[in-house]
Protein chains: 2
Amino acid sequence: MTTHLPLGPGAEFDAIRTLLAAWGPRARGIGDDGAVLDVPPGSKLVVSTDTTVEHVHFRREWLTPEEIGWRATMAALSDLAAMAAAPLGVLLALTVPTAWRDALTPIAHGIGEAAAHGDIPIVGGDVTAGDRLALAITVLGHAAHPLARSGARVGDAIYVTGRLGGPGAALGAWLAGRAPTLAHRARFARPEARIAAARWCAQQGATAAIDLSDGLAGDLAHLAAASGVCAEIDLECLPVSEGVTPREALASGEEYELLLTAAALDAPAFSAAQAGLALTAIGRVVPGPAGSVRLLDRGGAVELPSAHDHFAR
Amino acid sequence: MTTHLPLGPGAEFDAIRTLLAAWGPRARGIGDDGAVLDVPPGSKLVVSTDTTVEHVHFRREWLTPEEIGWRATMAALSDLAAMAAAPLGVLLALTVPTAWRDALTPIAHGIGEAAAHGDIPIVGGDVTAGDRLALAITVLGHAAHPLARSGARVGDAIYVTGRLGGPGAALGAWLAGRAPTLAHRARFARPEARIAAARWCAQQGATAAIDLSDGLAGDLAHLAAASGVCAEIDLECLPVSEGVTPREALASGEEYELLLTAAALDAPAFSAAQAGLALTAIGRVVPGPAGSVRLLDRGGAVELPSAHDHFAR
């Protein structure tokens, strides 16, 4: 925690006290200008920043303050998962409007629970006043061999973790003025960064990975472009949440599941090691234009839906 | 750069293109979920996050967009200086309101210039829409022996780099509706993180450091508290900018100069090594209540002014 907290002395120290009280021993190295961490010898440092903003990524009436903190932290940690990195620490830059000051404790609890879930210390951050709640979260991790988007090779199989479509279905319901099902809501509100799953796959020879934030169709195109390959997926193979069609699942963003490529992964062994989480082969890397995605429906090529669009655009 | 840029596809890729065009080869490792960096063997990782927000830290009419980018970056890097860390990389989380979209290129240039000034790569970040311009900047560095606030010992001398009071004088002028002098304005608009200066002092045996963000009086109290000592400073020794009184200098925040303790530092050798930057002995660490600061004026104890307050509080 830097001393630079322009909420002003009273509110400033109140905010620090609130955060530290919520985090307890999970906050470490706070009180100097920077936090000091060890990167294990032979490991690379992996870093990423992700921001969650009210009205852009969520609306206040959709989520509890705990869920806002949890979701923002897991969304950031999901980038470490995509690199198959082990987390080292989390830093937070919170912008807290006056109307949200009373929610700071539950937001901090949500952040702290997400960090505790992965046994990750909170090593710094700051709090500023502002008009909209925003959580800019930087995650630090390490990996001897970080997994990149660029490693997919022709002949690899394409895999996805979990079941897709829940977050998109929840968002669709809210935007239509309906309440989402509890299962869809939970997938939006309580995502889990697939850190252990990614490291398992990396150890088993995964060649590339990306986390699903823009939706499977768009993120697969990113991976295929980075790898200079074409990706072919089978619509009927997509693992979907209850009440979601495969086409809806293709466009559902903010899943924070992993999309991976590998010569072959043992899906039952994965599920056994990952508390029952599904790993599903959905297609293959084939020769073709770099960055292209081919969608097959019972063997025939069909058109891709457009990529996930952010609701507040 | 994550793929998660909820300005929407058009504006999203425009924003990425704008930033990458401004940064050129200074942006490295962009295009994966996280950036991969090497921490030299035997070094600790040092990390810090600092946020600069419109209306909290500056007003639009005070600074050019280039200066906003430069200043926010240097303010963040100043925390690495305070730890005597060598920079490894910078990550940015930018919140860009519609009214600021056209200023993104010059803001990016200011960030890029500040990074180039220290030969520091920009290794990631993201851009979101929002109501207020905000720059949440995470800095990564490394040091074999990071300098902490807690190392000051009774008998140490207290030093400060540069000349103080310019940023406070500029702020005072703006808030009074006057134009600041060019010299005071430059100290506010174009601070320089004292990274090389800090590493020089650490090599010469500095025992503790903090950067001056809240003002000398307040930051010295933080250092004394962390070290469990009392600090005594001589008002007439304070190095001040032209037109600033020592009492005004004591309360001037956002200086981004360094406050250091050491058994002894060679000020002329420091200045020779640091392009003429001043290093001034301003007091000493003495027995007394932990965290207390004593101000002497020609040998007699006088009352401290109140700490720097943020203008937008």
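User: Which helix gives the largest share of the lining of the largest pocket?
Analyst: Helix 6 of chain A, with 3 residues. Helices are DSSP runs (H or I, at least four residues), numbered from the N terminus. A pocket is an open set of points on a 1 Å grid over the protein atoms alone, where a 1.4 Å probe fits, with protein on both sides within 12 Å along at least five of seven lines; lining residues have an atom within 4 Å of a point.

User: What kind of model is this?
Analyst: This is a predicted model: local features need pLDDT of at least 70, side-chain atom pairs count only at pLDDT 80 or more, and totals for chains, interfaces and linings use all residues. Side-chain values use heavy atoms, without hydrogens and water; residues are numbered from 1 along each chain as its sequence is written, while chains are lettered from A and ligands numbered from 1 in the order written.

User: Back to the pocket. How does its lining divide into nonpolar, polar and charged?
Analyst: 10 nonpolar, 3 polar and 2 charged residues. Ala, Val, Leu, Ile, Met, Phe, Trp, Tyr, Cys and Pro count as nonpolar; Asp, Glu, Lys and Arg as charged; the others, Gly among them, as polar.

User: And where does it lie?
Analyst: Between domain 1 (9-143) and domain 2 (149-302) of chain A, because both give residues to its lining. Those bounds come from an automatic or database domain assignment.

User: New topic. How far apart are the C-alpha centres of those domains?
Analyst: In chain A, they lie 26 Å apart. The contact (heavy atoms within 4.5 Å) takes 21 residues from domain 1 of chain A and 21 residues from domain 2 of chain A.

How values were computed
Helices (H or I, at least four residues) and strands (E, at least two) are DSSP runs, numbered from the N terminus.
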